[in-house]
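Thanks for coming. I will go through one model this morning, chain by chain, and then look at some of the packing.

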Amino acid sequence: MKNQEEFQPKGTVAILVVFVITLIVLWGTIYLTLLQRGGTV
Amino acid sequence: MTAQTYSLSPKEKSFVSWHLLVAMVALALGTLFGPLQAFQHAGLNLYPFLQPLIKSYYQGLTLHAVLNALVWTTFFITGFLTFNVIYGLKRPLRYPTLNQVGFCLMIIGLVMAAIPILLNKASVLYTFYPPMKAHWAYYVGLTLVVVGSWVEGYGFYFTYAAWRKENPGERTPFIAFASVLTMVLWQIATLGVAVEMLTMLIPWSLGLIETVDPQLARTYFWFTGHPLVYFWLLPAYISWYAMLPKQVGGKMFSYSLARLAFWLFLLLSVPLGFHHQYVDPGVPPGWKFVHAVLTFSVFFPSLLTAFTVSASLEYGARKNGGTGLFRWVLALPWRDPSVAAQLLAGLLFFFGGIGGLANAAYNVNLELHNTTFVPGHFHLTVATGVTLSFMGVSYWLVPYLTGKKLWKPDLARWQAWLWFIGMIIFSNAMHVLGILGAPRRTALGDAPYVPAEWNSRLLQVGIGGGILFIGAILYFAVMIGTAFSKVKVEKEVEVPVAEALQPVSQTPAWLDRWAPWVYAALALIVIAYGPQLYEQIRNISLTSPGFRVW
Amino acid sequence: MSTTSLHVHPYEKRWIIFSIVLLIVFTTAVAIAAFALGIQVPSPEQRVDPRTVAVDPNSPWSNPGLREIAPGRYEAYILAQTWQFQPREIRVPVGSRVTFYVTSKDVQHTFKIQDTNINMQIVPGQVSKLTVTFKKPGTYPFICSEYCGIGHAGMFGQIIVTP
């Protein structure tokens with residue numbers, strides 16, 4: 001258990017931050033396109 | 001170091017090899033049609049040259065989809081899981097004959113389904129939505145493939161039970177645990193399509209009943225259709241969690257969370273099929289929204305996987321001298337084709353996840369349903385995250401099984417990179433076209449409504465498809481070269497199974513107990529599907545006769 | 001038997017919390033678009049018999065087309081079949097609010113109007129219904145995006161929104 005506490009996966013956090021930013025930008029673009037195309041009811 | 005001296009017997013090795021052989025032959029045939037579709041989109045239609053062997057784009061598309069998405073995956077997976085169960089439990093199959101019977105059923109089913117497809121009597125794609133009606137042998141054949149895989153699964157259960165008896169109180173070794181779980185998930189998931197086949201499609205195609213209910217058939221189909229992708233994905237996750245870390249010199253970062261992720265997949269994979277039916281007329285929006293929330297929640301174990309796997313790899317990279325926030329990635333053994341293939345597969349799988357989260361987002365599906373965004377998405381997931389990983393696995397597994405050295409590892413590495421690059425070009429274009437409104441499953445080269453602004457993207461689809469095809473050829477060259485090579489491995493290939501960073505004995509006992517998780521999964525299915533299934537079956541309208549429209 | 005509890009690295013703990021928050025935010029965004037902004041998915045409308053829907057004189061799809069139900073408000077009954085839509089062309093003035101009722105007399109199709117959020121699976125026996133307001137003049141192609149047989153790629157029509 002000690003072994004795991006000593007190891008700080010900072011690089012993993014860095015990669016995931018980049019991933020999350022990409023996710024928000026791409027998903028957000030698709031979502032905004034949806035809003036721009038308007039209602040259906 | 002624990003000594004890993006256990007080895008499969010020659011018979012067991014050959015049994016697993018047969019699975020992989022059928023899988024690869026299917027992939028070779030199925031992949032042949034990929035570039036034909038991509039080129040057709042780009043304005044180069046090669047289908048006329050295949051007359052009279054292959055009658056149409058859609059027959060080619062059916063072959064591509066069935067052979068790659070159903071046959072390649074199912075055969076590779078049952079083979080790989082068989083290997084994992086035996087090697088993980090370090091004991092032979094309890095009833096090898098049972099597994100052999102299962103495999104034979106799969107082969108019989110495959111042949112039965114292949115004949116009508118090749119004769120253009122089943123050009124209904126791999127979703128076979130009624131009331132399009134294929135030859136009965138197509139439905140019976142596919143059903144037999146599934147039943148055969150069930151029988152192989154029963155073989156796993158008996159083997160696992162025997163191991164349990166021999167090793168009371170011990171934690172199940174991860175690769176065996178995860179493999180048995182994948183099979184349990186598959187057996188629950190395929191109930192939907194089994195009911196569809198047995199109560200509708202098979203009697204209908206045999207002429208025993210005249211009409212079917214296409215809406216109810218869709219509900220049955222997608223009960224199976226989504227967890228199907230987890231059946232494809234989990235074996236790749238087994239490799240990413242438990243094998244890849246060893247290959248890069250690391251350890252499993254969290255043995256417990258790896259197990260938790262698998263349990264969550266078992267719990268959440270099935271009760272969310274309505275997210276494939278968001279724009280169906282016959283399902284109420286309330287239930288669609290419930291399934292949307294459940295779909296988002298099954299994204300969670302994948303986010304967990306992203307962290308755990310990445311940290312396991314980082315641990316290995318840092319031990320190899322990797323430094324920096326991002327630079328450690330370069331310290332991974334990229335020269336090993338098995339590692340390169342799986343790292344690139346994982347990288348593109350991130351983007352597959354993003355597209356999946358868009359498809360799954362309830363009304364966002366109005367923008368994307370049945371557009372090229374969807375095949376763009378699943379070529380990142382099943383055709384890369386899964387398929388490229390399986391290719392990576394085969395770069396060590398085939399030498400292990402055959403005792404032959406991997407033929408031309410350089411070509412294998414090129415294969416991984418070409419697949420990666422080709423897929424980026426292909427799938428990016430498919431996603432963009434989808435948002436612009438391009439329909440999927442359509443011979444776009446013949447479509448009169450294609451606006452000029454799509455043309456550059458359609459060309460990219462063709463270019464990407466071409467590069468992928470070269471990648472595929474390299475894969476088969478390496479596999480054939482290895483099989484026929486005369487160069488034996490010096491000593492048996494070491495099976496990469498990573499140790500855990502924490503002692504395995506510290507895994508909580510509730511992460512190794514089946515009953516609560518399986519019951520909870522079944523309960524969640526009853527809650528999420530029960531009311532709608534009851535409603536749709538009670539109001540069944542058997543009003544659709546069959547059509548042959550190709 | 002040990003009774004160890006689940007051990008999670010502090011970094012991963014934070015990632016788990018963040019993941020859950022992120023998924024809740026996305027779910028909320030979707031719910032707002034659906035329930036506040038009226039971008040909704042189809043709901044069960046009515047059942048029909050695909051064998052008679054195109055010929056039964058009481059069925060609106062025996063005479064598919066556009067009906068004006070109030071000034072600027074229309075109902076469009078569209079019949080999907082291999083491999084065409086009936087009618088193939090609809091003309092409405094800009095600002096019109098059109099409710100589409102689409103069904104199939106044979107296999108499944110998809111009715112998708114480009115540059116709008118109208119995208120519905122057309123399942124024989126069911127009626128798919130959604131509404132759209134055409135705010136800009138122009139030509140809006142509607143296409144079939146579900147494989148429906150050999151002539152599928154040619155199955156389309158258009159809505160002409162006049163100024």
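Chain C has an average pLDDT of 95, and 98% of its residues score at least 70; pLDDT is the predictor's confidence in each residue, on a scale from 0 to 100. For the model, ipTM is 0.96 and pTM is 0.96.

Two points of bookkeeping. This is a predicted model, where local features need pLDDT of at least 70 and side-chain atom pairs count only at pLDDT 80 or more, while totals for chains, interfaces and linings use all residues. Residues are numbered from 1 along each chain as its sequence is written, and chains are lettered from A and ligands numbered from 1 in the order in which they are written.

Let me stay with chain C. It has one helix and 10 strands, where helices are DSSP runs of H or I with at least four residues, strands are runs of E with at least two, and both are numbered from the N terminus. Starting at the N terminus, the order is α-β-β-β-β-β-β-β-β-β-β.

Of the 163 residues in chain C, 46% count as buried. Buried means that 20 or more other C-beta atoms lie within 10 Å of the residue's own; 12 or fewer is exposed, in between is partly exposed, and the C-beta atoms are placed from the backbone. Among contacts in chain C with a separation of 6 or more, 58% are between residues 24 or more positions apart. A contact here is two residues whose C-beta atoms, placed from the backbone, lie within 7 Å.

Next, how chain C meets chain B. Here 59 residues of chain C are in contact with 62 residues of chain B. On the chain C side, helix 1 (10–36), strand 6 (109–113), strand 7 (119–122) and strand 9 (138–144) each give two or more residues. Helix 1 of chain C gives the most, with 11 residues. By class, that side of chain C has 28 nonpolar, 23 polar and eight charged residues. Nonpolar covers Ala, Val, Leu, Ile, Met, Phe, Trp, Tyr, Cys and Pro; charged covers Asp, Glu, Lys and Arg; the others, Gly among them, are polar.

Now chain A. It has two helices and zero strands, and 27% of its 41 residues are buried. Chain A puts 22 residues in contact with 21 residues of chain B. Helix 1 (2–6) and helix 2 (10–37) of chain A each supply at least two residues to that side, and helix 2 of chain A gives the most, with 16. That side of chain A has 13 nonpolar, seven polar and two charged residues.

One residue to look at is A:Gly11, in helix 2 of chain A. Is A:Gly11 buried or exposed? A:Gly11 is buried, because 23 other C-beta atoms lie within 10 Å. Not counting residues up to four places away in sequence, A:Gly11 touches B:Glu314, B:Leu325, B:Phe326 and B:Trp328. A:Thr29 is 18 residues from A:Gly11 in sequence and 27 Å away in space, C-alpha to C-alpha.

Leaving aside neighbours within four places in sequence, B:Ala178 is in contact with B:Leu234, B:Ile238 and B:Phe262.
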